[in-house]
Amino acid sequence: MQHLREATAAAGLENARTLLATGNLLFRSAENKEALHKILAAIITDHGLTNAVILRHPEDLTAILNKNPFPEAARTRPNHMLVQFLETPLSKDAIAALAEHPGPERILAEGREVYIDYKEGVGRSKLTPALLERHIGQPGTARNWNTISKLSEG
């Protein structure tokens with residue numbers, strides 16, 4: 001994570017800092033979204049990785065927390081309450097495909113986020129990242145409720 005912080009600082013991003021060891025990067029920049037995407041994608045590629053770049057403003061994270069469709073899950077099992085972040089809005093077909101998932105997970109897909117309550121745990125679930133990506137048709141990255149709360153605090 002230190003290399004990520006150093007590379008982003010060298011690229012001109014201000015106050016670059018990481019949260020946890022899962023690629024969460026907090027920073028300030030006057031650059032627009034497209035420029036930031038290019039800067040971060042180049043840094044990731046330079047480190048030999050192929051991760052997707054998913055950007056959110058702090059106010060986006062606050063809105064996500066406020067919109068939570070499964071508040072009891074976030075309260076009682078925040079490590080099993082995840083949001084899958086996407087770069088572009090979900091298609092109607094992707095939303096329909098996720099709505100047909102037989103469970104036991106509860107899912108609400110809307111805009112650029114998929115809220116998932118893994119009621120019986122993430123590790124045992126058949127709703128894997130690969131299956132989600134097939135339904136959604138684009139890569140994403142998931143964070144649990146505790147991580148999203150920490151990210152929103154900056």
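1. Leu61, Thr62, Ile64 and Leu65 of helix α3 touch Trp145, Ile148, Ser149, Leu151 and Ser152 of helix α7; contact means heavy atoms within 4.5 Å. These residues comprise six nonpolar, three polar and no charged.

2. This is a predicted model, in which local features need pLDDT of at least 70 and side-chain atom pairs count only at pLDDT 80 or more. Residues are numbered from 1 along each chain, and side-chain values use heavy atoms.

3. Helix α3 covers residues 58–67 and helix α7 residues 145–153; their axes lie 9 Å apart, at an angle of about 140 degrees. The two helices are therefore oblique to each other (angles under 35 degrees are roughly parallel, over 145 roughly antiparallel, 65 to 115 roughly perpendicular, the rest oblique).

4. The whole structure has seven salt bridges, each a side-chain nitrogen of Lys or Arg within 4 Å of a carboxyl oxygen of Asp or Glu. One of them joins arginine 56 to glutamate 113, with the closest N and O atoms 2.9 Å apart. Arginine 56 is in the loop between α2 and α3 and glutamate 113 is in strand β5, so the pair ties together parts 57 residues apart in sequence. Arginine 56 is buried at 18% relative accessible area, and glutamate 113 is buried at 12% (buried is under 20%, exposed over 50%, partly exposed in between, with a 1.4 Å probe and protein chains only).

5. Arginine 106 and aspartate 117 form another salt bridge, at 2.6 Å from N to O. Arginine 106 is partly exposed, at 26%, whereas aspartate 117 is buried, at 0%.

Notes:
Axes are lines fitted to C-alpha atoms, for helices over the stretch in contact, and angles run from 0 to 180 degrees between N-to-C directions. Helices (H or I, at least four residues) and strands (E, at least two) are DSSP runs, numbered from the N terminus. Ala, Val, Leu, Ile, Met, Phe, Trp, Tyr, Cys and Pro count as nonpolar, Asp, Glu, Lys and Arg as charged, and the others, Gly among them, as polar.
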